[in-house]
Amino acid sequence: MSDAATKPVHDQALCVFAAKDFASGAHPVWCPGCGDYGVLAGLERALATLGKPPHEVVLVSGIGCSSRLPGYMSTYGFHGVHGRALPVATGIKLVRPELEVIAVGGDGDGYSIGGNHFIHACRRNADILYVVMDNRVYGMTKGQPSPTTEPDWDSDIAPGGIGLRPFNPLAIAIASGANYVARGFSGDPDGLANLIVDGIRWPGFAFIEVLSPCITFRPEQSEWKKVVRPTSLTIEQDRAAATAWCSATTASAWVSCTVATARRPRRHCSRKSRLPISNANS
Ligand SMILES: Cc1ncc(C[n+]2csc(CCOP(=O)(O)OP(=O)(O)O)c2C)c(N)n1
Ligand code: SF4
Ligand SMILES: [Mg+2]
């Protein structure tokens, strides 16, 4: 038997695809400087690294600027309705477990109208990846506060700020049962690509929160590139410690972290070999 036949599929396929093979050719309509460009680049690089043929990948989204992303990639795509990316992605995985299913969207889509689906997708632990482009605002509908907006963010729509404690997506995901949880930054597409590769390889539900600036409605977020700093923190197996760490760091969003636990994914979903997780952002 040749070496190629005994190697894991993702190793055999390495270097077969370039990042550009995952681009659809459609020109993004995002504002120049929008963080979502970095997420698109990170996803394309990650899939090229994994050697996944575009026809074996399905991208599913809801509604929002960020949810336009599937249209810019050459994989299969499903641009659905607001807040419903995760149930659609879960359904696709159930009937086609051999496909790589990736849900993408924004903080409004995933944590507000889709918040219930987020919690239960973590709990169901299907073997899919969920990438949220968090700009702490509803970009597409012109700047309303979202669940992750800071309480004192002052705007014409919410003068003086909404005064509510922000939703903590990382802590919620871990506490709800997600197997792999990480935070990345759109200004670091290579680091993000590493997190995406790890998230896809890790069995069960993988969630990656990406700090992705909306430079139009939150121009102050262009400062993120000066303050976001990677960290090598990795917590494995200890769900309580990981949740506590994420809860304690709510205010300081300026880190990347990887938290992974090994709860078995749902039986009806494809089982992947367990690969070691790396300190992707160290
Ligand atoms: C059922 C429903 N309610 C409200 C809307 C209006 N709407 C479209 S996008 C959006 C928010 C998008 O915010 P987010 O998910 O953070 O994406 P972003 O544009 O910031 O990337 C809303 C409220 C809708 N399309 N459908
Ligand atoms: S409005 Fe904001 S989120 Fe939407 S494309 Fe422009 S910069 Fe990006
Ligand atoms: Mg948003």
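The protein has 10 helices and 8 strands, where helices (H or I, at least four residues) and strands (E, at least two) are DSSP runs, numbered from the N terminus. This is a predicted model, in which local features need pLDDT of at least 70, side-chain atom pairs count only at pLDDT 80 or more, and totals for chains, interfaces and linings use all residues. Residues are numbered from 1 along each chain as its sequence is written, while chains are lettered from A and ligands numbered from 1 in the order in which they are written.

Let's start with the whole chain. Of the 282 residues in the protein, 50% are buried; a residue is buried if 20 or more other C-beta atoms lie within 10 Å of its own, exposed if 12 or fewer, and partly exposed in between, with C-beta atoms placed from the backbone. Two residues are in contact if their C-beta atoms, placed from the backbone, lie within 7 Å. Among contacts with a separation of 6 or more, 73% join residues 24 or more positions apart.

Now for two pairs of helices. Two packed helices are described by the angle between their axes and the distance between the axes. Axes are lines fitted to C-alpha atoms, for helices over the stretch in contact, and angles run from 0 to 180 degrees between N-to-C directions.

| Helix pair | Axes come within | Crossing angle |
|---|---|---|
| Helix 3 (residues 36-50) and helix 8 (residues 189-201) | 8 Å | roughly 50° |
| Helix 4 (residues 85-95) and helix 6 (residues 115-124) | 9 Å | roughly 30° |

Helix 4 is therefore roughly parallel to helix 6. Angles under 35 degrees count as roughly parallel, over 145 as roughly antiparallel, 65 to 115 as roughly perpendicular and the rest as oblique. Their contact joins Leu 86, Pro 87 and Thr 90 of helix 4 to His 117, Phe 118, Ala 121 and Arg 124 of helix 6. By class, this contact has 4 nonpolar, 2 polar and 1 charged residues. Here Ala, Val, Leu, Ile, Met, Phe, Trp, Tyr, Cys and Pro count as nonpolar, Asp, Glu, Lys and Arg as charged, and the others, Gly among them, as polar.

Helix 3 and helix 8, by their angle, are therefore oblique to each other. The contact of helix 3 with helix 8 divides into 11 nonpolar, 3 polar and 2 charged residues.

Take a look at Val 39, which sits in helix 3. Val 39 is buried, with 26 other C-beta atoms within 10 Å. Beyond its neighbours within four places in sequence, Val 39 is in contact with residues including Leu 69, Val 131, Met 133 and Leu 192. Val 39 and Gly 184 are 145 residues apart in sequence, yet 9.4 Å apart in space, C-alpha to C-alpha.

Helix 7 (residues 169-176) is largely enclosed by the rest of the structure, because 6 of its 8 residues are buried. These buried residues are Pro 169, Leu 170, Ala 171, Ile 172, Ala 173 and Ile 174. After helix 7 comes Gly 177, with a positive phi near 115°.

Finally, the ligands. A residue is near a molecule or strand if its C-beta atom, placed from the backbone, lies within 6 Å of it. Around ligand 1 there are 19 residues, of which Gly 64, Gly 106, Gly 108, Asp 109 and Gly 139 come nearest. Helix 5 gives the most to this shell, with 3 residues. The shell around ligand 1 divides into 7 nonpolar, 10 polar and 2 charged residues. The residues around ligand 2 include Trp 30, Cys 31, Cys 34, Asp 36 and Cys 65. The shell around ligand 2 divides into 8 nonpolar, 3 polar and 1 charged residues.
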